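Hello,

Here is the structure I promised to pass on to you.

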Amino acid sequence: MSHSQRGLNWFNALSAGAREVTGLPASLKVADGVLGEQPVRFLAVIADIDNRFPRARQGEVGLLEGWGLAKAVDEAIEQDRDRAEKRALIAIVDVPSQAYGRREEALGIHQALAGAVDSYARARLAGHPVIGLLVGKAMSGAFLAHGYQANRLIALRDPGVMVHAMGKASAARVTLRSVEDLEKLAASIPPMAYDIDSYASLGLLWETLTVKQIEQPAADDLVQVRNVLSSAIKDVQARGVDLSSRLGASNRAASVNVRQLLRAQW
């Protein structure tokens, strides 16, 4: 089975010259570098065909990846605890799903992924700007564990960049519909769709970008993405650590209304 190299290629390009962090699973790439004048830690989950867990060999987020992400983020929090300027965390996202398997379930994949979520959330609340860069698939629990806690989400425009709770074939089985039926529903129901424009209409993306070479970024692509990442970091530093920026889209009007009613009652 072929696996995506987008996450690895973008990690290598963005982290060129950075210091790679060791002591992590082979399916994780983490490096400390600088973006403009801002210290950053780049993080990516990549495919590891020799992963001891067969269900996590194509870039899925499993037990090793969940706990490994938590470790890498916790280290950044601890190292920067007494620093006025916290390094930014750049989550490069190209994850097809969480690792589905009996061993994963038995050994607590829910705890491993929750550990990653908790670490990202604590980093965000501690003042680390957390930026998610979607370069490929951002699916199901894998995206929740790696990227979704970001203060700002940036997506590259490409048919291969998709966000959803599960893959089309899985969604079809669960809903007892065909893939074709699901695609028809997606045309009128944004949360059912996989494309970036539909996802953006939910207010969750801070920016979308079109690049020339998404599989292997060109020099111009890197300049463009670096500039937007820097802008996102500065925006977080200026506006704060919460996720309120996600509620501005028209398709989030009901969410905004619910929050207003809850505040009024409490």
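**How two helices pack**

Helix H2 (residues 63-79) packs against helix H4 (residues 109-125) at an angle of about 20 degrees, and their axes are 8 Å apart. That makes H2 roughly parallel to H4, the term covering angles under 35 degrees, with over 145 counted as roughly antiparallel, 65 to 115 as roughly perpendicular and the rest as oblique. The axes are lines fitted to C-alpha atoms, for helices over the stretch in contact, and the angles run from 0 to 180 degrees between N-to-C directions. H2 passes H4 in a left-handed crossing, meaning that the near helix is turned anticlockwise from the far one by less than a right angle (right-handed if clockwise). Helices (H or I, at least four residues) and strands (E, at least two) are DSSP runs, numbered from the N terminus.

A word on the source: this is a predicted model, in which local features need pLDDT of at least 70 and side-chain atom pairs count only at pLDDT 80 or more, while totals for chains, interfaces and linings use all residues. Residues are numbered from 1 along each chain as its sequence is written, and side-chain values use heavy atoms, with hydrogens and water left out.

**Salt bridges**

Side chains of opposite charge can pair when their charged atoms come close. How many salt bridges does a search of the whole structure find? It finds 16, each being a side-chain nitrogen of Lys or Arg within 4 Å of a carboxyl oxygen of Asp or Glu.

One of them joins the side chains of Arg19 and Asp32, at 3.0 Å from N to O. This pair links distant parts of the chain, with Arg19 in strand S1 (residues 19-20) and Asp32 in strand S2 (residues 28-35), 13 residues apart. Arg19 counts as exposed at 51% relative accessibility, whereas Asp32 counts as buried at 12%. Buried here means under 20% relative accessible area, exposed over 50%, and partly exposed in between (1.4 Å probe, protein chains only). Arg19 and Asp32 also belong to a network of salt bridges that includes Arg41, Glu75, Asp80, Arg83 and Arg87.

In helix H9 (residues 219-239), Arg239 and Asp235 are four residues apart, so about one helical turn separates them. Their side chains meet in a salt bridge of 2.7 Å, N to O. Arg239 is exposed at 64% relative accessibility, and Asp235 is buried at 15%.

Arg81 and Glu78 form another salt bridge, with their closest N and O atoms 2.7 Å apart. Arg81 is partly exposed, at 48%, and Glu78 is partly exposed, at 48%.

**Other places to look**

Ala219 also lies in helix H9 and is exposed, with a relative accessible area of 57%.

Ser140, in helix H5 (residues 140-145), has a phi near 50 degrees, a positive value in a residue other than glycine. Ser140 counts as buried, at 10% relative accessibility.

Best wishes
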